[in-house]
Every structure is written in C-alpha cells, then in structure tokens.
Amino acid sequence: MTVLEAGDLIARVEGAAGIIRLNRPKAINAVTLEMFRDIDKALDRFEADPAVGVILLEGAGERGLCAGGDIRALWESSKVNGDLGKILWREEYILNARIKKFPKPYVAFMDGIVMGGGVGLSAHASHRVVTDRTKLAMPEVGLGFFPDVGGTYLLSHSPGEIGTYFGLTGQTMNGPDAINAKFADAVVPAAKLPELRAALTKVPTGADAAEVSKLIRGFATGETVGPVAAKQAMIDALFAFDRMEDIVAALMHDRSEFAQATLKTLGEKSPRGMVVTLKLLRLARKTSTLEECLVREYRAANEVFRSDDFREGVRAAVIDKDRNPKWSPAAIEDVTPDMIAPYFAEIGADELKFD
C-alpha cells in the first residue's frame, strides 16, 4: 500500500512496517503543518491495515531526524497577527498525544539532530532508538519560547532536576543522556540502523511491544548513562528551586566551572521564557498525563505567539542570525507575576481538546 511516495513526507508500507519518512533533508526535516496532517493521515491508514505490524519514523538525509518545526513560517505569521501558531500547535499537540497512545508498536529512529517538533514525533513513541550520532535538544527558551510538544511532560519525568537543567539551558543530550533523561530507550550504532530497519519490516503482524523491544535490544549497545548523569548531584542541588532568581543565585555562589558555564548559558536565554518554562515544569511534575501538560502548553504557546520575545528570539537565531536578541524584559528580576499570568490562563472555546 502506498500512502505518499513524494513530497515533504513519504509514507508507505514495506513488508510489515508502515514507514513514515520526514523528507526535507536540506532543512534537516523541519516539520510543516501539512506534514503533520500527512502523518496523521498515514497513521489512520496504518492503524486500519491489518498487514502493518509496526510503525517506523525516520528522517531523510544524514544530518538528523528533525530539527524542529517550521519556525520561519511561524515568525512570519506572528509578525502579521496571523493564526498559524494557533492552528499548527493544536494539530501538532493532538498528534503528539495520538503517538503516545498509538495501538501498534511505534519505533522512532532518533539519529542525528532531534529538536523541538522532532522530539514531539519521536520521544512519545513506544520504542525510541538513539544512536552514536544523536544530538537531542529542546532549545526553545533561546527563542523566547518553552519546551513544548509535551516537552514539559517528558522533562518533568527525568530523574531529579536533570529535566529542569535541560529545559532551561537547551543543552544537547547524546544518546545515553537521552536514555537517562527518559527521552529514549536504546542506543543502536548508526551503522546498524539499516539492519535493524530491515528486521522491523519482517516483524510478524500482531507482534506486541515486548517482541519489538527484544528485537531492538539485539542491536543495542546497552548504554544507559551519558556524561550529564555524572553531574546529577550538582544539578539536583543547583536546580532544585521553584524560582529562577534562586537558581541563578545558587549558580552564582557555586564557583565550579560547570556552574559558571551554566550561568553564562542562562544569561543568553529569554528571562520571560525561563520563568514560564520553570513554572510549566513544576506544574507538570504534579500532572499524571501527557494530555494535561499539552493543554497547559497550548495556552502558553498561544501567548508566546503574540509576544515580542518570540519574534525577537527567532529573528536573532533564524532570520538575521546575529545571535544577539534583545529580550523584554532583559532581566529575570523584572519578570512580574502579571506578565506571566496570561500564559497560564484558560482560553475558553479555544482550549485544546482530545477525542
């Protein structure tokens, strides 16, 4: 069965596998609204097809699975008070929740760069495969945004304060880091992916999650702990606070090289974005379901879309690439509760809802 054989998304059946390939290699497979819609349609077909035993998500090209969403299109819409953010994030977040609950094994090859929207398509999968080339990050705070696509759910379930650290700094995880942070399940050398892919196309129809896990383990290195895990005790102490001011103060008082480098990194991020992110992470820690976190993220995302910080962050990182954003406000201590309240307010008829 062929679903889509050309364009930005390729979806087809190979043996027992429903293949979903992000196909914008020049853009590191950045995802557009149409691609989200095509993925949803492909999942409809694959779910209904009894010959499809497993789903496989992969990215075209050598650079990565997915560098995130189409930020430039969102920036252009935001500048003219458009509604792309409202539409795209609604459909994307509903898709993220669908992937989490998909009834057939869903395997994601998280090879190379995996960021933002790419995390949403892969880290909620039932089987998440990273490699020796994986560079996974949620760098949204550097865009005046926050880790969305269920990122607050994922990060809040990382051990200790590891998720708080990754969410606020946007630092990159390697494969074992991603497993330790509960974003992935197995490290498979990139050189072995073609062999694993071929094996997945031969999975017996009706195979359960345990059988697919066993197959993947046959190719895996067994690594589960990356370099960031060695800093767990330090990260737990420095990021244990519920206010950004307290985290910054702790970093300032710690004269270690790690603390000072982390302080410098935070100094480059959006103060408003950091405060919103930290509050979302703390709320997510008390939340049992991905859907509840996505509802909160959708409220906050709509507010971000209207903000000068988002437009300025994207301008500095993606449009002009001067890496010199002028944040508003410029300092964490100037971010007031009144500024933050709209990010968490209910939005009536526009609330995110799931079937």
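The model is predicted, so to speak of local features a pLDDT of at least 70 is needed, side-chain atom pairs count only at pLDDT 80 or more, and totals for chains, interfaces and linings use all residues. Residues are numbered from 1 along each chain as its sequence is written, and side-chain values use heavy atoms, leaving out hydrogens and water.

**Stop one: helix 6.** Select residues 162-169. Helices here are DSSP runs of H or I with at least four residues, numbered from the N terminus. Eight of the eight residues of helix 6 are buried (under 20% relative accessible area, 1.4 Å probe, protein chains only; exposed is over 50%, partly exposed in between). Among the elements covering them are helix 5 (151-156), helix 7 (175-180) and helix 13 (271-285). Now step to glycine 170, which follows helix 6 and has a positive phi, near 70°.

**Stop two: asparagine 96.** You will find asparagine 96 in helix 3 (residues 84-100). Is asparagine 96 buried or exposed? Its relative accessible area is 0%, so it is buried. Show the side chain and look for the backbone oxygen of glycine 120, at 3.1 Å.

**Stop three: aspartate 242.** Move to the loop between helix 10 (232-238) and helix 11 (244-253), where aspartate 242 lies. Aspartate 242 counts as exposed because its relative accessibility is 57%. Leaving aside residues up to four places away in sequence, aspartate 242 touches Leu278 and Arg282 (contact means heavy atoms within 4.5 Å). Finally, select leucine 281: its C-alpha atom is 9.4 Å from that of aspartate 242, though the two are 39 residues apart along the chain.

Note on methods. Helix = DSSP H or I, 4+ residues; strand = E, 2+ residues; numbered from the N terminus. Polar contact = N/O pair within 3.5 Å; in protein donor to acceptor, adjacent residues only side chain to side chain.
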